[in-house]
Amino acid sequence: MIQSFDLIEELQEMYASQYGLTNFITDESGDIIMLAKGHNALFNLLLERGAVNEIIETVTKEFELSKTFFIDILPGVYACIAPVEGHPGYLLWSGVKMEPSSRDMIKNKIDHLIDDGDIDSILSQTPLFTLENKKEWLLSAKKAAKMISRLIGGGDSLFSEHLKVLQEAVKTEEGDVSRFLYSFLEKNSGIDFLGICEQRNDDLYEVSHAAGEEAKRIQGASFSPGESFLGRVLLTGEQAFWEEIEKDPKYTFFQHYHFYPKSLFCFPIQLRDGNLSLFFGGSRTSEVITDTVKDLDRNMAMLLEVVLSAESLRKENSGHLSRQSALADISMMLVSAPDLKKISYILVDISMSLVKGPFSAVMLKDSQKQKMMLVSRGDIKGEKGSYLKRAAKDYFTATSDLPPDRLVPSMKKLEGSSAIIECPLYFRGELLGLICTGTNSPVDQETEELLPFLQTLSLIAGVTLQLAGEGQENMMERKIEVLHSSIKEFDAEAYRIAEESVKIAREFTAELDISKPLIKNILIACKLHCFSHEYLAEMFPEAEFPKIVKDGTRVLAEDAAFKNEEQGIGSQIFALAVSYAKNEGDMEAVIARPYMKRIRQEFLSHLEDSKVVEQELPLEPESSHTMESKSVESTIKNHKNLSSREKEVLDLVIQGLNNKEIARELFISEHTVKNHLTKIFQKLDVPDRTQAISKVYQLTYNGSANP
Amino acid sequence: MKVSTGIRGLDKVLDGGIPQGSAIVLEGAPGTGKTTLGMQFLYKGIVDHNEPGIFFTFEEFPDQIYEDMESYGWDLKDLERKNRLRVIGISPDIFLDQMTSKDGLFEQLVREIDCRRIVIDSISLFEYLPDKTGENGRSLLYTLRNIVRKFGLTSLFIQELSSLDRRKIPFEHFIADGVIRLSLKEHMNIFRKRTLEVTKMRGTKINEGEHIYQITDKGIYLLLASQIVTDKYISDQNEKIKTGIPELDNLLGGGMAKGAVYMLDTNSKANYRHIVGAIYAERVKAGNRILSLLSSTQTVTELKALMDLYGIDIDQLAREKRLYFIEHYNRPFPAGWEGSVFHVQGMENKDYDRFLWEKCKGLVKECKENHKDWFAYYDLSTIFNERGAEYVLRSFAKETAFARSFGMTVLVLCNFKEVGEQAASFLERTSNGVFKTWVDGSYQYLQVTKSPDGQISKPYLLESIGQKPYIRLV
Amino acid sequence: MVKREHLSLEMECLTLFQSNPYLFETIQGLEKRLGRKMSDLEPILESLTAQGILQRTGEGAMAYFRYKEPAVIAEFSFTSELEPL
C-alpha cells in the first residue's frame, strides 16, 4: 500500500530534526510500519524498553481516532498522536516532551529503565511541554500526518476517476452527453456548470447541452462566431480561460439569460466531420481559476472529445451493427489497460486482423524517455523495414505541427508493392505514435472503408496513451509536490526562493524558444532547488531535473573548473532564477559567468520588461482582456475609412455584443445597427461579421508585428 | 525446510509454514476465500521470498483473477511481466494431458520462470474426468501429486466443498501431505464466522483448533485461537526456565520465558496447588530469589507443607533471605523470618505503591547486581480484594513492565471469571503467557492459551501421580 | 466478403486472448468460454493463427491455442536494424 517509503522516511527525518522529537507510524493492528526516526533520547529509551507497546495497543484497539491528541506515556511525559487522513487506523506518533514541573517524578519513574547512563542528561535533552508550544506541536504533527497521507497509496484518484469516465464513455451504446457532463460535475468541485455548443443549420451556434444549477437557463441560447466569450473561441480556435468576467462588456450575453458565472473556460473540439463544437464550463462562486482546475478542465475536454467523436461514429455507422459492438469491445480493452506495451499489442493485433495483410507495425513515442518502441507482426525486414524507418522519420521528425490532413489515416502507395495504411495516433495535435499496416492489394474500396474505423480507434488510443503517460507521471508529480511543500514547513526562506524562482523562470522561459519538457524540468529544479542533487537523483532516477540542479548548483557555486556550455541552458536559467530570487529581486546581484553572457542579458531585459508592465498595471484596473481590447480598440480608432459611429458599432461587435445589445447600448434601433454593419463590412472588404472581427485582429497583430 | 504461507497467523499454526515440496489440499465452501488464500500464498512467496509461482485456473478467466486480486493491492500483471508469476487459464483435460507429456506445457512453464510454488484451482473437476487408462479422478490426483513432488513444488490443491459434514474421509486427504479447511459458520444467527483448521500436515507440529480468519483489504488475516501479540523484548532474550512439570515445559518449547509474566487462571473448583507447588519448588531449586504474595486462604504453614512434599525447607530459605513475603493479613510467621516479611496491611494504595517501587525495587536491583535471578508468585485476587479493581487495572501493566525490565519471571494467580470480563481481557493482554486450568465433570484440564512465542496448546488432562511433581499432563 | 461478417466474433476472440495472455484453450474449451458455436470459431481461429496472433499446439481434439506476443523493439530508431529482440 505504501508506495514511497523513501519519501516518508525523509519526511519523518525532517519532522524529527525540526522539533527534536522521535516519530513512527503504526497501522490499524498496532504494528509499527514506519520505524522510529529521530533522536529524542527519552522516547527512544521508552520505545526500546517496550514501555510504549501497551499504549500503542490500547490506543489502536480502543480509541476511535479522528483527531490529533496528546497522550501521557508516563505521568508528565507526552506523545502526540495524529491520525493519517484517508487511511483508517494509521497513526503518526511523535514525542516526547515533558512537563517541567514533573521532572523529579519522571526521573523516579524511569530510573529503573536505565542500567547505566545519565538520566539527567536524557531529561535535560527532552523538549518541554508547555501551554505555549502545545498548539504548535498539534499543528505540526497534523501537517506531517497530512503529507504522509498523501504519500501512502491511493493518491492517483483523479487519474483513475478519469479513466472510469473514459470507460463509461466508450461503453455506452446510446451516447448521452448530458450524463457525462453531470458525472464530471459530480466528481469535480471547483466547477459548478458545464455545457456544449453545437453548430446549427443557419451557421449560428447554440448551447445544446448545459448542466449545473442556473446554467440550464442558457440551454438553447444562440450566438454567432465572435459574439460574447464563447463566440470568440470559434474565431481563435484556441482554448480560453477568463477570470473575474463580470466586469467584461461581453458579460451581457449571460446576464441576458439571468445566468451569472464568475469565471469561465471554453475549449474548441474538432469533430470528425471537420466542424467545431465548444465545451465550456466554470464557476458561479470563484472568480479565479487555479492551475489545478485548469488541468482538470483540459482533461475533461479531452474525454469529451472522445465521447463526442465516438458518438458521431456511431451515427455514421448505424447500419453496421457488428462493427459498432466490435469498436466498443476494443475501446473497452484499450481503456482498461493504460500501459504503453499493452496498448501497442492491441493496436498491432487489431490492425493486422482487420486488414489481413502481410505485416503491421506500431511505433510509439515514450515522451519521458525520448525513446521509441516498435511492436510488429509479420515480416518487416528488407524493403518494408526501410519503408517503416522512412515513415517514422517522416512523421516524428516533422519540425512544425503536422497539417490536419496528416492527422487522419491515409493510404500510401509504394512502388512495386501493395498499398500501406498509415494511421497516426495523436492527441491535441501532438503525435504520439504511428500504425503502419500492409495490405494485400492496391488501393481499393474495401480497404478505404476501414479508414474511419481506424480513425476512431486511433483517437481513443491517443487519449488512452495520454492517460497512460499521465498515470506514470502522476506519482512523480506527487512526490515533487510533497517535497516542495515540505520545504515550506521546514525552511521558510528556501521556500520563498523556490516560489519566486519558479515564478520568474516560468515567465522567462515562456519567451524563449526551448522545448516544453525542458521548461518543465527547469521549473521542477527551481521548486526543489534546496535539495542535494544526489538525493534528487536517487529519488527520481529517470528524471532530467536532478542534473539541472547539479549543474546549476555548480554554476551558482562559482565552480571555476566547471564549463557549462550550450547544452546546459537549463541549468543556466535555473542558476539565474535562483540567484535572482535569493537576492530578493536585486538585478545587479544576478549571477554572472563568462559563458552565460547572452542568456543573462536576455534574462535582465525580461526583468526590465516585466517591471514596465507591473508599473503600468495600476493605471488600468482591469487585467489582460482590457489590454487586448485596448490595442484592438486603437486599431479601430485609427482606421481611416470608418465613421465614428461605425467605429463605435465595430468596437461593440468585437466586444462580443449581438445586434440587439448594440442597439440598446447605443440607443439606436436594431435596423440601424444592421445598416452600420453592412457599411463596415464594405469598408473592411469582408463578407460577414466573423470575417470582420478576424480582420480587426489581423490588423492589430500585424500592426504590432511591423511597427 | 518450511515455506511461509504468506499468512502470518497460518505460519504460526503450522509452526513456521508448510514443509517444502508438500502437496496440500485447501478445501472450503464457495465464498470462503480459497482463491484469495491460494493467490496470497503465491504473491507473498514471490514478493517476500523470491519464489516464483504458477496459478492454474480451470473455471475462471485469468483477467477476472487479476481484477479481483487488485482489491488487495496485488499487481499480478506486473509480476507476470517480470516473469515471476503466471496465471494460466486452461481446461483440466489439456492440463492433465500436458502434465504427463514429456516436455509438455507444464514442464515448460515451470522451467520458464523457475517455478517453486503452484496453486491448482480446483481439483474438484478431476472426479468427473476419465483419465487415459479409464480410471477415475483418484488416480489422476495421485499422478498429479507425484508430478509436483518430482518438480519439488510446494503446492496448494483447491477443493470445492459443498457440505461440511461428510461422513467418510475423502480420498484427497489420504494422498495429500496436508489438509487446510476453511469454513463459514453461522454464529448465533447474527454474523458469520470464518474459521480455518489444519486437519493434517506431515512434517510439522500444528496448532490444533479452529482459528478465526478475516478477509481484509490486504488479503487473509488469521487470528490464532487466543491471539497474542508477541512481546519482542521478551522473546529476544530467548532464555527458558523450567516449570518443574516436564509436559508443560514441552508445550512451552522448553519452559517459561525468563522475564515473562504468566497468569494462572483457575476456577474455584480447580486445584492449582500442585501446579503452583511444582513451579515454586523448581524455582527455589534453581536458586532464584523468590517474592511471594500469598492469598488469604493460603497460609505460610500450608506453603511449608507443600514445599516439604517437594523436599524443600522453606524455613531455612527464609532465614537465608532467599524468600520474601508481602503480607496483607498480619498473620503470624515463624521465628527468624522477620527480615523476610513485609507487612502491608492497612497501607493506603499510594503507600503500597511507594513500598513496591522503593522497597521491592531496591531489593531486586541489589540482587540483580549480584547476578541472582528473581521469581515472583503473586496472588492477584488478594490485590483485587484489598486494593480494588481500579488499583489493579492502573498498576498491573506498570508492575509487569518493572518485572520484565529486571528479567523477573512472574506467576500470577487469578480467577478470570471472578474479576469480570473487562479486567480479565486486560490482564490477559498484559500477561505474556496464560495457563488456564478448570474442572469439567470429574476431570481437571490445563491449557496454554497464550505464550510469548505464540505457542498455544490444546487442553490437557491433569492427572495426579504418586511422585514429584505429583501431576502430569495427559 | 466473409471476413466482415466475422469481424465482431474475431474481435471477441482477440479480446479474450489479449486480456488473458496465459490462456491455453482448445476449440471445445473456447466454445464454452465464449458461448459461441465451434463451427463459427474454427475459421476465425484459423485466420488468427495464420496471421501469427495465435499459436496452435498439438493435434486433433487436444490441440490448444494461446496468444503469441508480437515482436518488440524497445529502442527503435530511424537507423536501427529491424531484427526483433
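Author: We begin with surface patches, which are made of residues with over 30% relative accessible area and no salt bridge; like charges are joined within 9 Å, and nonpolar side chains (Val, Leu, Ile, Met, Phe, Trp, Tyr) within 5 Å. Areas come from the Shrake-Rupley method with a 1.4 Å probe, and for residues only the protein chains shown count as cover. Lys and Arg count as positive, Asp and Glu as negative, while His and chain ends are not counted. A charge is placed at NZ of Lys, CZ of Arg, CG of Asp or CD of Glu.
The model is predicted: local features need pLDDT of at least 70 and side-chain atom pairs pLDDT 80 or more, whereas totals for chains, interfaces and linings use all residues. Residues are numbered from 1 along each chain as its sequence is written, chains are lettered from A and ligands numbered from 1 in the order written, and side-chain values use heavy atoms, without hydrogens or water.

Reader: Which residues gather in a patch of negative charge on the surface?

Author: In chain B, the negative patch consists of B:E59, B:E60, B:E67, B:D68, B:E70 and B:D75. B:E59 sits in the loop that runs between β4 (53-57) and α3 (62-70) of chain B; helices (H or I, at least four residues) and strands (E, at least two) are DSSP runs numbered from the N terminus. With a relative accessible area of 52%, B:E59 is exposed, where exposed means over 50%, buried under 20%, and partly exposed in between (1.4 Å probe, protein chains only).

Reader: How many salt bridges does the structure hold over all chains?

Author: A salt bridge needs a side-chain nitrogen of Lys or Arg within 4 Å of a carboxyl oxygen of Asp or Glu. Over all chains there are 44. One of them pairs A:K37 with A:E13, with 3.8 Å between the closest N and O atoms. A:K37 belongs to strand β2 (residues 32-37) of chain A and A:E13 to helix α1 (residues 5-19) of chain A, so this contact ties together parts 24 residues apart in sequence. A:K37 is buried at 19% relative accessibility, whereas A:E13 is partly exposed at 39%.

Reader: Which residues are linked in a network of salt bridges?

Author: The network links A:E213, A:E214, A:R217 and A:R284. Within it, A:R284 and A:E213 form a salt bridge whose closest N and O atoms are 4.0 Å apart. A:R284 is in the loop between β11 (276-283) and α11 (291-316) of chain A and A:E213 in the loop between β7 (205-211) and β8 (222-223) of chain A, so the pair ties together parts 71 residues apart in sequence. A:R284 is partly exposed at 21%, and A:E213 is exposed at 60%.
In chain B, the side chains of B:R111 and B:D103 meet at 2.8 Å, N to O, in a salt bridge. B:R111 is exposed at 51%, while B:D103 is partly exposed at 41%.

Reader: How many bridges join strand β4 of chain A to β5(A)?

Author: Strands pair if DSSP finds at least two bridges between them. Seven bridges join β4 (residues 77-83) to β5(A) in an antiparallel arrangement, with A:A79 partnered by A:G95. Strand β1 (residues 22-26) of chain A is also antiparallel to β5(A), through five bridges; there A:N23 is partnered by A:S94. In β5 (residues 91-98) of chain A, eight of eight residues are buried.
In chain B, β10 (residues 211-216) and β11 (residues 219-223) are antiparallel over five bridges. A hairpin of two residues connects β10(B) to β11(B), and B:I215 faces B:I220 in β11(B).

Reader: Where is the peptide bond cis, with omega near -5 degrees?

Author: Most peptide bonds are trans, and most residues other than glycine have a negative phi. The bond from A:G95 to A:V96 is cis, with omega near -5 degrees, and A:V96 lies in strand β5 of chain A. Another cis bond runs from B:K468 to B:P469, with omega near 0 degrees.
As for phi, B:Y470 has a positive value near 70 degrees. B:Y470 lies in the loop between β22 and β23 of chain B and is buried at 15% relative accessible area. Phi of A:K356 is also positive, near 55 degrees; A:K356 is partly exposed at 22%.
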